[in-house]
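Reader: Please take me through this model feature by feature. I would like the rule for each feature, then the case.

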Amino acid sequence: MGQFVPHVVSGFVFTLLGLWHTVNTIRAYNLKGSSNFKVRFWYPLEWPLSRLKYFELVFVFSFSVLAIFRQFWDYPFLHLSFKVINLEHATMFLHLAIFSGFILYNELNRSTNLSSGVEGIFAASVFSQELFLLHFHSADHNGVEGHYHWLLQLIVFASLVSVLVATCCPTSFPAALVLSLLVVLQGCWFMDMGFMLWVPDLVPKGCSMRIVEKGKDEMLGAVVCASPEADMRARALANLQFSWILAGILILTGFISLKWIKPENYSSKIQLSDYEQL
């Protein structure tokens, strides 16, 4: 996804998906309580039309398939282009399509009572393969661009750990919430990479974009810094952006949690206080 638009579009989709899971996870925990809470790797859409129940799975599967075809479509030229880097990116979306497609097929056909453990294995494969393909990437991400991708690998690794914990502990609310927040963080980081690495005006001071034009809307490039000091400053700015984005996500999560918190035992405390006065 060495372009501005794919980074931003994919990041926006992952951010929405993560927010959807964050809201539903907090809502389910506060409505069902800690004893009845169960980790879910997808949430049905509560809508009068029953067909919209599986909207999340349909959306994720459709987006994954489109993203796969986009990797091979040499736009604006009307022909397919099969390159190693495109195959790597397409394979990441392939595992996401397998995850959503298998669960969707099972839900529509009711063929088996698929447990959360099986869903967790498929979800773990998505993050494990993403981490594998990012770490052993064919593209040479050096300098500032490499630092952004290294931070991305940290997010994916933490997501993989969260999936495994949520699979092994299907009633763990912290694991489910952390996983949702990491999906949001990954989406926001994708968008941040798109802006900071592919918008010349946002490139850190002392650095510039080295661009090789391939076509009208396709470019290969990397951020190159003129001095070690500029490179260090650009990496420090990336670290700050990472921390600021995480802080913003946590603040938003706090507001969402406050909205769904129930005043537990509030009425009972009032009754007890009245009884003590008597």
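The dialogue below takes up disulfides, helix packing and aromatic pairs.

Author: This is a predicted model: local features need pLDDT of at least 70, side-chain atom pairs count only at pLDDT 80 or more, and totals for chains, interfaces and linings use all residues. Residues are numbered from 1 along each chain as its sequence is written, and side-chain values use heavy atoms, without hydrogens and water.

Reader: Which cysteines does a disulfide join?

Author: A disulfide is a pair of cysteine sulfur atoms within 2.5 Å. A search of the whole structure finds one. It joins cysteine 207 to cysteine 225, S to S 2.1 Å. The torsion about that S-S bond is about 90 degrees, so the disulfide is right-handed. Cysteine 207 lies in strand E1 (residues 207–213) and cysteine 225 in strand E2 (residues 219–225), so the pair ties together parts 18 residues apart in sequence. Helices (H or I, at least four residues) and strands (E, at least two) are DSSP runs, numbered from the N terminus.

Reader: Is cysteine 207 buried or exposed?

Author: Buried means under 20% relative accessible area, exposed over 50%, and partly exposed in between (1.4 Å probe, protein chains only). Cysteine 207 is buried, and so is cysteine 225. Cysteine 168 is exposed, at 64%.

Reader: At what angle do helix H1 and helix H6 pack?

Author: Axes are lines fitted to C-alpha atoms, for helices over the stretch in contact, and angles run from 0 to 180 degrees between N-to-C directions. H1 (residues 4–32) and H6 (residues 173–198) pack at about 160 degrees, with their axes 7 Å apart. That makes H1 roughly antiparallel to H6; the cut-offs are under 35 degrees for roughly parallel, over 145 for roughly antiparallel, 65 to 115 for roughly perpendicular, and oblique for the rest.

Reader: How many aromatic pairs are there?

Author: A pair of aromatic rings is described by the distance of the centres and the angle of the planes. Rings of Phe, Tyr and Trp (its six-membered ring) pair if their centres lie within 6.5 Å; planes under 30 degrees apart count as stacked, over 60 as edge-to-face and the rest as tilted. By this rule the count is twelve. Phenylalanine 4 and phenylalanine 195 have ring centres 5.1 Å apart and planes at 80 degrees, so this pair is edge-to-face. Phenylalanine 4 lies in H1 and phenylalanine 195 in H6, so the pair ties together parts 191 residues apart in sequence.
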